[in-house]
Amino acid sequence: MNGILEIKDLRVEYPSRGIGEPVKLALKGLNLSVREGEVFGFLGPNGAGKTTTMNVLLGFVNATSGAAYLFGVDVKEPIARQRIGYLPELTYYYKFLTAEELLRFYARIFGIPRGETERRIDNLLKLVELEHARKRPIKTYSKGMQQRVGLAQALINNPDLLILDEPTSGLDPIGRMKVREIIQRLKNEGKTIFFSSHELGEVETVCDRVGILYQGELKVEGRVSDLIQKYQTNLEQIFLQIIGYAQPVNS
Amino acid sequence: MNAVFALSNVVIKELYRRKDFYVLFILTVLITLVMASASLFNDDKIVRYLKEICLLLIWISALAMALGTASRQIPAERENRTIFPLLAKPVTRWHVVLGKFLGCWLACGLALVVFYVFLGLVSASREHTWPVLNYFQAFWLQWIFLAVVIAIVLWGSIIFAAPSSNATICLVFVLGILIVGRYLNQIALQQSEPMRSIIYGIYFIIPHLEFFDVRDLVVHDRGLVGWGACVLVTLYGAAYTLFFLFATWLSFRRKALN
């Protein structure tokens, strides 16, 4: 096992919701590996199985068969999540807490000493440009600010792997740019980042490698530059071709 | 245990940032003070009635607080989806159950301390005595009672969909035990088989919450409960609390999060 994140023959079935309804097959034997220090873009249309994959990695959903490992530890073990940071697609935080209280709460979960916690909170709030609003309840934040506080909480344990679920979804262009800048800075710091997004231009700029998931199967995986060279077009066209919405360029 | 303490801290913060406690406390103070200002029947022993009313209000307020707080904890985590970033940390569902329980229990304990200090002040202003040990026993046993109730409500919050229906069902269950529980063995004797065995079975299974209610002893100055009995009742309450927390975890363990 050489990847920080390894997925082996992962299959997830959701039970049928009603009598006569078939079992929903969300993932059909997914294999994936993310190496240390790389930024991996996990792409796919809605319902392709991206969120299910992330849910398995984070222990929210149990796989029907196959396995997934973070740092060589089975994701079923809570300790596998000690070195990861997770940013959900939407902001799911305790709205009655202030930004610094929220970060202190998550730091306490990781058992970070008090002095170190305060130092990290200062640094992270500076990184996400929320120093001025640190004592305001999160419920008073704009969506972009909430997304940035989400990024700060994902980084509180100084994780080696960041799992970001559509980090720029629903943000205005300025908010999107700010989040992208932070991802770029984290990439420069050598963090491994696994993120899903529908912003293909953004993925093309930030990611080293991408995987395109469609109907629970990984259709394409490779370096962005290699894929662009192979298909002779940009990532958006490649994506549309894979899911059957565009004709190949050479045809 | 870091996760458990961190979670309990958030529950306490949530409770004192909401207005529930303040409203209940102010209502208790107002009703008690209004009663205290009236000189009914020119009775010298009126302070007993005052204590009885104040204790009843404390029981109602504490029960309302425990039911309200505990019933919304886990459903709110799922509904607001705060459970996702939480479980993405090295936190298990057992930690969540334990943290929520501890938070609710400590928060109710803090509120009880405020209520009992008020009771002490009101009675001391009339009786000029300060029976600290009696109040401490009453407080302690009520706090253990709340532990059992909170554990029951947490379990209910996994089983029943809406916090309001859970709170109502648990309130009926707790009041049922408090009012009828102690008489179930006598009711069973009047029944024929198999009803007798069934009612006896229920009598021995349910947590006898009336054991924790020593209001009569406080009101009528009947002295203290033996400390040995107090320890036994505490262990009895702890056993039921653990049982209900374990049941909560068993139900929550395989529950889909959305």
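**Entry 1. The largest cavity**

I looked up which helices line the largest cavity, and found that helix 6 (132-159) and helix 10 (215-219) of chain B each supply at least two residues of its lining. I took helices (H or I, at least four residues) and strands (E, at least two) as DSSP runs, numbered from the N terminus. The structure is a predicted model, in which local features need pLDDT of at least 70 and side-chain atom pairs count only at pLDDT 80 or more, while totals for chains, interfaces and linings use all residues. Residues are numbered from 1 along each chain as its sequence is written, chains are lettered from A and ligands numbered from 1 in the order in which they are written, and side-chain values use heavy atoms, with hydrogens and water left out.

On a 1 Å grid over the protein atoms alone, a cavity is a set of points where a 1.4 Å probe fits but cannot get out; a pocket is an open set with protein on both sides within 12 Å along at least five of seven lines; lining residues have an atom within 4 Å of a point. Points are joined across faces, edges and corners, and a volume is the space filled by probe spheres set on the points.

I noted about 50 Å³ of space in the largest cavity. Its lining includes Asn134(B), Gln137(B), Val214(B) and Leu217(B). I sorted the lining into 5 nonpolar, 3 polar and no charged residues. Here Ala, Val, Leu, Ile, Met, Phe, Trp, Tyr, Cys and Pro count as nonpolar, Asp, Glu, Lys and Arg as charged, and the others, Gly among them, as polar.

**Entry 2. The second largest cavity**

I then asked how many cavities of 30 Å³ or more there are. The count comes to 2. The second largest cavity has a volume of about 30 Å³. Helix 5 (residues 173-188) of chain A gives the largest share of its lining, 4 residues. Among the lining residues I found Glu129(A), Arg148(A), Lys178(A) and Glu181(A). This lining divides into 3 nonpolar, no polar and 5 charged residues.

**Entry 3. The largest pocket**

I turned to the largest pocket, whose volume is about 1,400 Å³. I found 46 lining residues, with Phe60(A), Val61(A), Asn62(A), Arg93(B) and Ala256(B) nearest the centre. Which element gives the most to this lining? Helix 1 of chain A does, with 4 residues. Elements that each supply at least two lining residues include strand 1 (5-14) of chain A and helix 5 (93-127) of chain B. The lining divides into 22 nonpolar, 10 polar and 14 charged residues.

**Entry 4. Two helices of chain B**

I checked how helix 3 (residues 46-79) of chain B lies against helix 5 of chain B: their axes come within 10 Å and cross at roughly 165°. Axes are lines fitted to C-alpha atoms, for helices over the stretch in contact, and angles run from 0 to 180 degrees between N-to-C directions. The two helices are therefore roughly antiparallel to each other, a term for angles over 145 degrees. The crossing of helix 3 past helix 5 of chain B is right-handed, meaning that the near helix is turned clockwise from the far one by less than a right angle. I sorted the residues of this contact into 22 nonpolar, 4 polar and 5 charged.

**Entry 5. Sheets of chain A**

I traced an open sheet of 6 strands in chain A, in the order 6-7-8-3-9-10 and with mixed pairing; two strands pair if DSSP finds at least two bridges between them. Its edge strands, strand 6 (84-87) and strand 10, each pair on one side only. The twist averages 15° from one strand to the next. Strand 3 (residues 39-43) and strand 8 (residues 192-196) of chain A run parallel, joined by 4 bridges, and Val39(A) has Ile193(A) as its bridge partner. Strand 9 (residues 209-214) and strand 10 (residues 217-223) of chain A run antiparallel, with 6 bridges; Arg209(A) stands opposite Arg223(A).

I also found an open sheet of 4 strands in chain A, ordered 2-1-4-5, with antiparallel pairing. Strands 1 and 2 of chain A pair over 8 bridges, and Val12(A) stands opposite Leu27(A).

**Entry 6. Backbone exceptions**

Most residues other than glycine have a negative phi, and most peptide bonds are trans. I noted a positive phi near 50° at Asn158(A), in the loop between helix 4 (143-155) and strand 7 (161-165) of chain A. Is the peptide bond from Glu193(B) to Pro194(B) cis or trans? I found this bond to be cis, with omega near 5°. Pro194(B) lies in the loop between helix 8 (184-189) and helix 9 (195-205) of chain B.

Technical notes: Angles under 35 degrees count as roughly parallel, over 145 as roughly antiparallel, 65 to 115 as roughly perpendicular and the rest as oblique.
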